[in-house]
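Me: Hi! I have a structure open and would like to go through it with you. Could you take my questions as they come?
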Amino acid sequence: MKLIRFGIIGKEQIGVELADGSRIDVSKFGGDYDELFFATDGIQRLEDWIGRNQKYCATISDDVRLGPPIARPSKIVCVGLNYAKHAAESGMAVPKEPVLFFKATSSIIGPNDTVMLPKNSEKSDWEVELAVVMSKKTSYVSEADAMDYVAGYMVHNDLSERAFQLEREGQWVKGKSCDTFAPLGPFLVTKDEIADPHKLDLWLKVNGEILQHSNTSDFIFDIPHVISYISQFMTLLPGDIISTGTPFGVGLGFKPPKYLKAGDVMELGIDGLGVARQEVIEFQHPS
Ligand code: ZN
């Protein structure tokens, strides 16, 4: 199943994209795609509900805005430097164990929303990534059991202000958490639809030029390893996002580097997980 959320920002309703590409409004199912939904076997309950009620569900027109596919989760945990060629272009060694950092959940936006450069941005950059969504609460899970706790997968653009991330004191979180820096979607694809999440092509274009193109088979640390590893340090809750790292081809790695400016258009996609498109705009003070 492909879960979508649609409508105006902050008031999204829930929907499903069907196999033929059409989209239906399932808001009568009730609730949102949030912690409670995943914790109470929501994917299975929704599938059963659609089986009985699809004929009563309105179709969503193609021009309606898509929101992020899930409601704001408790956390976004990101893995840094999880592709060897990306570590090299960043001038960093391949890590001996996963590098983890947080991204503020307030940075989440829909897949085709505009990305706003932060105030005093100098080096805003793109990162196409496979994002994993958790289905159940877990801590200290083994690698062998880790995939039992996955709900599904989404496309994530882990936008990064490199000057804030790398040239200031302290942790990467400052360059990762700006408003609009986590476009998600177009949809959450449930785990059953992805035969092998370690064999997915992923790519990103800026202004039509392909700059990132790799495959999740190039992960240094695979998904079960990453989930098990994170769960040694914190409890993962239903709906939590784990972003699995970006491949070679970010702006930082070019000589000279390429960074985002207003008017640029990013397009990105992953096999089976759809395509997203974001236009970049100048900073505006929040209203
Ligand atoms: Zn990243």
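Me: Let's start with helix H7: how many of its 8 residues are buried?
Reply: This is a predicted model, and in it 7 of the 8 residues of H7 (residues 223-230) are buried, so the helix is largely enclosed by the rest of the structure.

Me: Which ones are buried in H7?
Reply: They are Ile223, Pro224, Val226, Ile227, Ser228, Tyr229 and Ile230.

Me: Which residues touch the most other members in the largest nonpolar core?
Reply: Ile227 and Ile242 do, in a core of 49 residues. That core takes at least three residues from each of domain 1 (2-66) and domain 2 (71-281).

Me: What does Ile242 touch?
Reply: Leaving out residues up to four places away in sequence, Ile242 touches Val77, Val79, Leu130, Ala131, Val132, Met134, Val226, Ile227, Ile230 and Leu236.

Me: Why would nonpolar side chains be buried together?
Reply: In soluble globular proteins, they tend to be.

Me: New topic: the metal. What are the protein donors of the zinc ion?
Reply: Glu127 (OE), Glu129 (OE) and Asp158 (OD), at 1.9 to 2.1 Å from the zinc ion. Along the chain, the donors follow the spacing E-x1-E-x28-D.

Me: Where do Glu129 and Asp158 lie?
Reply: Glu129 is in strand S10 (residues 128-134), while Asp158 is in the loop between strand S11 (150-157) and strand S12 (160-161), so the pair ties together parts that are 29 residues apart in sequence.

Me: Are those two buried or exposed?
Reply: Both Glu129 and Asp158 are buried.

Me: Now helix H2. What span should it have, and what does the model give?
Reply: At 1.5 Å a residue, the 12 residues of H2 (residues 42-53) should span 16 Å, and the end C-alpha atoms are 16 Å apart, which agrees.

Me: Which residues of H2 are buried, and where do they fall around the axis?
Reply: Gly42, Ile43, Leu46, Trp49, Ile50 and Asn53 are buried. Seen down the axis, these buried residues fall within an arc of 125°, so they line one face of H2. On the other side of H2, Gly51 and Arg52 are exposed.

Me: What do the buried residues of H2 pack against?
Reply: They pack against strands S1 (2-6), S2 (13-17) and S3 (23-25), helix H1 (35-39), and also S11 and strand S14 (188-190).

Me: Which residues have a positive phi without being glycine?
Reply: Asn120, with a phi of about 65°, is one of them, and Tyr140, with phi near 50°, is another. Asn120 sits in the loop between S8 and S9, and Tyr140 in the loop between S10 and helix H4 (143-146). Asn120 is exposed, with a relative accessible area of 61%, and Tyr140 is exposed at 61% too.

Me: What about Lys123, where is that?
Reply: Lys123 is in the loop between strand S8 (115-116) and strand S9 (124-125). At 24% relative accessibility, Lys123 counts as partly exposed. Lys123 and Glu161 are 38 residues apart in sequence, with 5.3 Å between their C-alpha atoms.

Me: Which residues is Lys123 in contact with?
Reply: Ser160, Glu161, Arg162, Ala163, Glu167 and Tyr259, leaving aside neighbours within four places in sequence.

Me: Last one: which peptide bond is cis around Pro256?
Reply: The bond from Lys255 to Pro256, with omega near -5°. Pro256 is in the loop between strand S17 (241-243) and strand S18 (265-270). Leu260 also lies in the loop between S17 and S18, and at 8% relative accessibility Leu260 counts as buried.

Technical notes: Residues numbered from 1 in each chain as written. Predicted model: local features only at pLDDT ≥ 70, side-chain atom pairs only at ≥ 80, totals over all residues. Heavy atoms only, no water. Donors = N, O, S within 2.8 Å, 3.2 Å for Na, K, Ca; no water. Helix = DSSP H or I, 4+ residues; strand = E, 2+ residues; numbered from the N terminus. Buried < 20%, exposed > 50% of the residue type's maximum accessible area, 1.4 Å probe, protein only. Expected span 1.5 Å × (residues − 1). Arc of directions from axis to C-beta. Contact = heavy atoms within 4.5 Å. Core = buried A, V, L, I, M, F, W, Y, C linked by side-chain atoms within 4.5 Å. Domains from an automatic or database assignment.
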